[in-house]
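User: I am new to this structure. Please show me how to read its main features.

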Amino acid sequence: MSYRRSALTLLFVLLLPSSFALAQGAPAGIYVDAPERSTGGIGRFYMGREISGVMGYQAAQWLERPQRTHEEMPDDVVANLNLRPTDIVGDIGAGSGFFSFRMAKLVPQGKVLAVDIQPQMLAMIEERKAAEGVTNIEGILGDIDDTKLPAGSVDLVLLVDAYHEFSHPWEMMQSIVNGLKPGGRVVLLEYREEDATVPIRPLHKMSQEQVKKEMAVFDLNFVETLDFLPWQHMMIFSKP
Ligand SMILES: C[S@@+](CC[C@H](N)C(=O)[O-])C[C@H]1O[C@@H](n2cnc3c(N)ncnc32)[C@H](O)[C@@H]1O
């Protein structure tokens, strides 16, 4: 074999593992389809949990309901994110932007990337941006399995009441971890499954144990759970 040919072969062998890793999808068998689905569910199970259906944009008014400010204390949530003015934040499953607009005020020299799969939700965000003169929120139309966050671009990802309805949670978390800068954080809020008094349908709730199990398969460390909210866990993870 010529020197040139053997050098090319060596290059190919060295590059193969990384390009192979990039092309890899979800591990085989990670999703299990049940013969029937529960009310509000999609009939697909991930790590023992049935995935919930997506909340349609027609119900966006529910996200903006006035009583949500005391039921979910959104201003306290964003205050506890400890954002820096220059931070780039991903609000994944942003909906009508209930959290995006609050975070945008705290990152005047940064921005919020508001990702959703429903263009109608993004249209609501654009309308409000124009009405309020907000310039540091960027809407991104994601795919069901891809946030479209640029690699290594965000300091923090916020997931409020959204993760449980991702039809492809494994791919979404891969995409989120890929989008985070080293040291970046994922903050996940879900209604407490452990608490029967939280008046939310079962598939829209998650236990801390289940969240930890699902995050443990990614390059993320559990940091802490903040338990000051009336209905939700606020769980924080960080990328090494
Ligand atoms: C219940 S809403 C919550 C919206 C917002 N986070 C809030 O708390 O007001 C969930 C949102 O997640 C979005 N969603 C569901 N699957 C998604 C995915 N794979 N990628 C991005 N957004 C998704 C839905 O379109 C919906 O707008």
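Analyst: Start with contacts: two residues are in contact if their C-beta atoms, placed from the backbone, lie within 7 Å. In this protein, take the contacts between residues at least 6 apart in sequence: 65% of them join residues at least 24 apart. This is a predicted model: local features need pLDDT of at least 70, side-chain atom pairs count only at pLDDT 80 or more, and totals for chains, interfaces and linings use all residues. Residues are numbered from 1 along each chain as its sequence is written.

User: What share of the 240 residues is buried?

Analyst: A residue is buried if 20 or more other C-beta atoms lie within 10 Å of its own, exposed if 12 or fewer, and partly exposed in between. Here 34% of the 240 residues count as buried.

User: Which residues have the most contacts inside the largest nonpolar core?

Analyst: In soluble globular proteins, nonpolar side chains tend to be buried together. A nonpolar core joins buried Ala, Val, Leu, Ile, Met, Phe, Trp, Tyr and Cys residues through C-beta atoms within 7 Å. The largest one here has 46 residues, and Val 89, Val 157 and Leu 159 have the most contacts inside it. Strand S7 (residues 154-160) gives the most to this core, 6 residues. Strands are DSSP runs of E, at least two residues, numbered from the N terminus. Leaving out residues up to four places away in sequence, Val 89 touches Leu 83, Met 103 and Val 154, among others.

User: How many residues surround the ligand?

Analyst: A residue counts if its C-beta atom, placed from the backbone, lies within 6 Å of the molecule. The ligand has 22 such residues; Gly 93, Gly 95, Phe 98, Val 160 and Ala 162 are the closest.

User: What are the spans along the principal axes?

Analyst: The C-alpha trace spans about 75 × 50 × 35 Å.

How values were computed
Helices (H or I, at least four residues) and strands (E, at least two) are DSSP runs, numbered from the N terminus.
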